[in-house]
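Dear colleague,

Please find the structure below, handed over for your own work. My notes on its contacts, helix packing and salt bridges follow it.

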Amino acid sequence: MEATARLRNYPTSPRKMRLLADLVRGLEVEKALNILKFNTKHPSVPLEKLLLSAIDNWKQKNEGADVASANLIVKTIFVDGGRMLKRMLPAPQGRAYRVRKRSNHVTIVVDSKAN
């Protein structure tokens with residue numbers, strides 16, 4: 001039985017988060033956690049927490065089942081754009097540049113390898 005975890009409105013661009021999501025898609029949970037733990041990119045910390053949350057959600061759904069023997073994998077992970085804060089930055093000659101501060105939504109689905 002699969003379990004889901006969602007992270008909403010995390011203030012980093014979806015493009016940066018997708019780089020990490022692509023690294024862990026389809027991997028076993030232990031490998032994915034190690035990759036995220038030792039990655040230098042700043043969104044790896046919330047993504048690691050989100051993966052741990054998905055594992056805990058799986059434990060809640062499958063009471064009595066062992067995570068190690070279930071061979072959990074990251075079945076699905078996707079990153080969608082969240083809200084965008086629009087700000088203005090002063091520019092030369094009285095002009096202003098628009099700055100778009102992006103955010104994203106991440107969804108992780110973990111499932112046992114047997115399914």
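Apart from neighbours within four places in sequence, Lys-41 is in contact with Leu-19 and Leu-20, contact meaning heavy atoms within 4.5 Å. Please note that this is a predicted model, in which local features need pLDDT of at least 70 and side-chain atom pairs count only at pLDDT 80 or more, while totals for chains, interfaces and linings use all residues. Residues are numbered from 1 along each chain as its sequence is written, and side-chain values use heavy atoms, with hydrogens and water left out.

Lys-41 is placed in the loop between H2 and H3; helices (H or I, at least four residues) and strands (E, at least two) are DSSP runs, numbered from the N terminus. With a relative accessibility of 39%, Lys-41 counts as partly exposed. On this scale, buried means under 20% relative accessible area, exposed over 50%, and partly exposed in between (1.4 Å probe, protein chains only). The C-alpha atom of Lys-41 is separated by 16 Å from that of Ser-103, 62 residues apart along the chain.

Ser-13 is buried, at 17% relative accessible area. Leaving aside neighbours within four places in sequence, Ser-13 is in contact with Arg-102 and Asn-104.

Turning to helix packing, the axes of H2 (residues 29-37) and H3 (residues 44-61) come within 9 Å and cross at roughly 155 degrees. That angle makes H2 roughly antiparallel to H3. Axes here are lines fitted to C-alpha atoms, for helices over the stretch in contact, with angles from 0 to 180 degrees between N-to-C directions; angles under 35 degrees count as roughly parallel, over 145 as roughly antiparallel, 65 to 115 as roughly perpendicular and the rest as oblique. The crossing of H2 and H3 is left-handed, in that the near helix is turned anticlockwise from the far one by less than a right angle.

From H2, Val-29, Ala-32, Leu-33, Leu-36 and Lys-37 meet Ser-44, Leu-47, Glu-48, Leu-51, Leu-52 and Ile-55 of H3. By class, this contact has eight nonpolar, one polar and two charged residues (Ala, Val, Leu, Ile, Met, Phe, Trp, Tyr, Cys and Pro count as nonpolar, Asp, Glu, Lys and Arg as charged, and the others, Gly among them, as polar).

How many salt bridges does the count come to? The count is five, where a salt bridge is a side-chain nitrogen of Lys or Arg within 4 Å of a carboxyl oxygen of Asp or Glu. One of them joins Arg-25 to Asp-22, with the closest N and O atoms 2.7 Å apart. Arg-25 is partly exposed at 40%, and Asp-22 is partly exposed at 48%.

Another salt bridge pairs the side chains of Glu-28 and Lys-113 (3.4 Å, N to O). Glu-28 lies in the loop between H1 and H2 and Lys-113 in the segment after strand E3 (96-112), so the pair ties together parts that are 85 residues apart in sequence. Glu-28 is partly exposed, with a relative accessible area of 36%, as is Lys-113, with 48%.

Within helix H3, Asp-56 and Lys-59 are three residues apart, about one turn of the helix, and their side chains meet in a salt bridge (3.8 Å, N to O). Asp-56 is partly exposed at 42%, and Lys-59 is partly exposed at 40%. Finally, salt bridges that share partners join Glu-2, Lys-75 and Asp-111 into one network.

Yours sincerely
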